[in-house]
Every structure is written in structure tokens, then in C-alpha cells.
Amino acid sequence: MENNKICTEWQYYTGASANVDTSLCSGNLGYEFSNSIGFLIIRFCCPYGRVTTTTVGPTTTVGPTTTVGSASTGCGRAAVTPVRTRIVGGQDAVPHSWPWLVSLQRYGSHFCGGTLIDNRHVLTAAHCLQDRSMFNSGLTVVAGLHTRSRSNEPQVQRKQVANIVNHPEYNDATNENDIAIIRLASPVQLNSYVNIACLPGKDPVLNNNVMIAGWGTTSFGGSSPDKLRQANIIIMDLCKQVYRYDNNKQLCAGNHQYSKDSCQGDSGGPLMYEVDGKWVVSGVVSYGDECAKIYRPGVYARVSYYLPWIESTIARLSAQ
């Protein structure tokens, strides 16, 4: 949301029809044109009107504005509805609207993100876990967190790490196969604040809207936010022109004005795609050229490609 209006993502102007969700609008829908790399782009905007958050089960009020329900049913569902408007160029997330997102911490300091894919396993980036000296009791996974400075709140769950498996073919020179799995020493409790994301079936395609979220810096070399931030970006096809990029193993995402991106500290966190009302972890934040740099979208490990490895790794870890 910007200047009390809510807008879709910028898209190339082709004359084709577009579907626009006007459920958050309090007035008429309009459109805006801009120019990106010599191409005409368009977005649709309307005055923003607040809507009532849908709750699940008995409700508990957290703070002055956030209402949460009982534990979410199944993967990819949050008791708190996320805001889906426009991390770099993003906004504060609604507290606990991404309940599968976790903070990887070393002696209480956040360094990477991750995604709960069941109550014992976290999906993250291999490049986050290359320093073997951190594999000790100081390494923890924190779930149910929104504000880093309030990590002692009762809904926050801090878990020790039992095992870490980086993809055996991870290449730190090319960032290929940048994916890893953490097994927790004990399971998290799933509730209104902590849930799991769905693993992908259907991948997002070019120009599909996706979400990223994290506690990473808000500019390259800048400071990290206290509260979880999010950004709405789209799948792009520019990465193969500017990086050593493998479309089978990776996803490319950003926005046409290069104002929104993941950044330092967001690594390992999810790129999320909504399918049939459930949020899927389609990508893992991997790399880019600085943050929100022109003509340099972000690159994400394509989770669907790694599903056989993920499933076999979890089975092996669970059997130990």
C-alpha cells in the first residue's frame, strides 16, 4: 500500500486482459503507466479500504490490532491473514501472517531465514551453513517470531539443532544447488503462531505474483529491521541474461522497477506462491547482485527440482 492506495504489480502492457482482486478497494479501480527498459508497463490501483480479518476458531488478541485464531489446519495456512501489497522496497508484515518462517540465529543474532516444512525440519540455503564452527549449542532456530527485540514473548519457540545436511553438490562458486535441511533437536508445537509451509506441486510462471519475507537488511550494507518485512514481487526471465543461471534448478524474481528484492540476512528464507488458498515454498533465497539493483533480479533455488532429495534426506534423518 502506498499513499492510501493499493496496487497490483507492474506488468508489461500487452493489451491482454487481467484479473484484479478488488476486495480491498474502497473506491473505483484505475490504472497507471510507466516505462521500464524501454517497454511500457501498467498497474491497476484503487483507494485502500480496510477489511475485517478472518479468524479461525476461538480468538486471542495480540497487541492493539492483530487477532489470531486457533492452530491452522494443514500446511500453508495462517490464522492471521497476510497483507498482499507490495526486505527492500517492502513493508512490515502483519504479525504472525507467515507462521512457517523462522530465524536462524547464532548466540541470539539473526543471520539467515528458513522455512518449516514439517514440525522437525527447516528448509534453508546451503550458503548459510558453510561455517562449521557455528555448529554448536549457540546455533538455534527461532519460530513464532515477529519482532526480533521481543524474542522472549510466550509464542516464540527457540529450538536447538540436531543435524544439518547441505546439498552434496552445492557449489559456492556458482551458488548451484544452494539448499539445505536442518533437523531440530525437538519438534515445534504447531499453533496460531507456528505452522508449516506446503511443498510445491505447481510452480509459479512468468509474471506470477510471489511473496518474500525476512529480517534482512533494507538496503545493501544497511541495517536490519526489528520487525519481519515482506515484499510482493513477480517471476521474471532476466536472470539467464545476467547470471550463470539454470532455469531447471532456479527461479528468477523481482519487480520491473527494481525497487523490491531480498537482501543480506534474507538468505535461506522462502519465496512463497499461493495455490488454491495455501502458501507453497516455491523457492529458497539464494543470491543476487547486491539488493534491488537495476537489471539484477534475485535468484532462488527452485524447491520443486529438489523434492526427491528433500524427501530422501528427511526420511534418512528421521530414521537415525
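What is the volume of the largest cavity? In this predicted model, the largest cavity has a volume of about 50 Å³.

## The largest cavity

The lining of the largest cavity is formed by His 96, Trp 98, Pro 99, Leu 101, Gly 144, Leu 145, Tyr 193, Trp 215 and Leu 228. Sorted by type, the residues of this lining comprise seven nonpolar and two polar ones, with no charged residue.

## Disulfides

The structure holds three disulfides. One of them joins Cys 75 to Cys 198, with an S to S distance of 2.0 Å, and this link is right-handed, with 95 degrees about the S-S bond. Cys 75 is partly exposed at 22% relative accessibility, whereas Cys 198 is buried at 7%.

A disulfide also joins Cys 112 to Cys 128, with an S to S distance of 2.1 Å, and its -85 degrees about the S-S bond make it left-handed. The pair links distant parts of the chain, 16 residues apart, with Cys 112 in strand β9 and Cys 128 in the loop between β10 and β11.

Cys 239 and Cys 252 are likewise joined by a disulfide, which is right-handed because the torsion about its S-S bond is about 80 degrees. Since Cys 239 lies in helix α1 and Cys 252 in strand β16, the pair ties together parts that are 13 residues apart in sequence. Cys 239 is buried at 0% relative accessibility, and Cys 252 is buried at 1%.

## Lys 249

Lys 249 is found in the loop between α1 and β16, where Lys 249 is buried, with a relative accessible area of 11%. Its side chain is joined to that of Asn 177 by a polar contact of 3.4 Å. Beyond its neighbours within four places in sequence, Lys 249 is in contact with residues including Glu 176, Tyr 300 and Arg 302.

Terms used:
Residues are numbered from 1 along each chain as its sequence is written. This is a predicted model: local features need pLDDT of at least 70, side-chain atom pairs count only at pLDDT 80 or more; totals for chains, interfaces and linings use all residues. Side-chain values use heavy atoms; hydrogens and water are left out. On a 1 Å grid over the protein atoms alone, a cavity is a set of points where a 1.4 Å probe fits but cannot get out, and a pocket is an open set with protein on both sides within 12 Å along at least five of seven lines; lining residues have an atom within 4 Å of a point. Grid points are joined across faces, edges and corners, and a volume is the space filled by probe spheres set on the points. Ala, Val, Leu, Ile, Met, Phe, Trp, Tyr, Cys and Pro count as nonpolar, Asp, Glu, Lys and Arg as charged, and the others, Gly among them, as polar. Helices (H or I, at least four residues) and strands (E, at least two) are DSSP runs, numbered from the N terminus. Buried means under 20% relative accessible area, exposed over 50%, partly exposed in between (1.4 Å probe, protein chains only). A polar contact is a pair of N or O atoms within 3.5 Å; within protein, one must be able to donate a hydrogen and the other to accept it, and residues adjacent in sequence count only if both atoms are side-chain atoms. Contact means heavy atoms within 4.5 Å. A disulfide is a pair of cysteine sulfur atoms within 2.5 Å.
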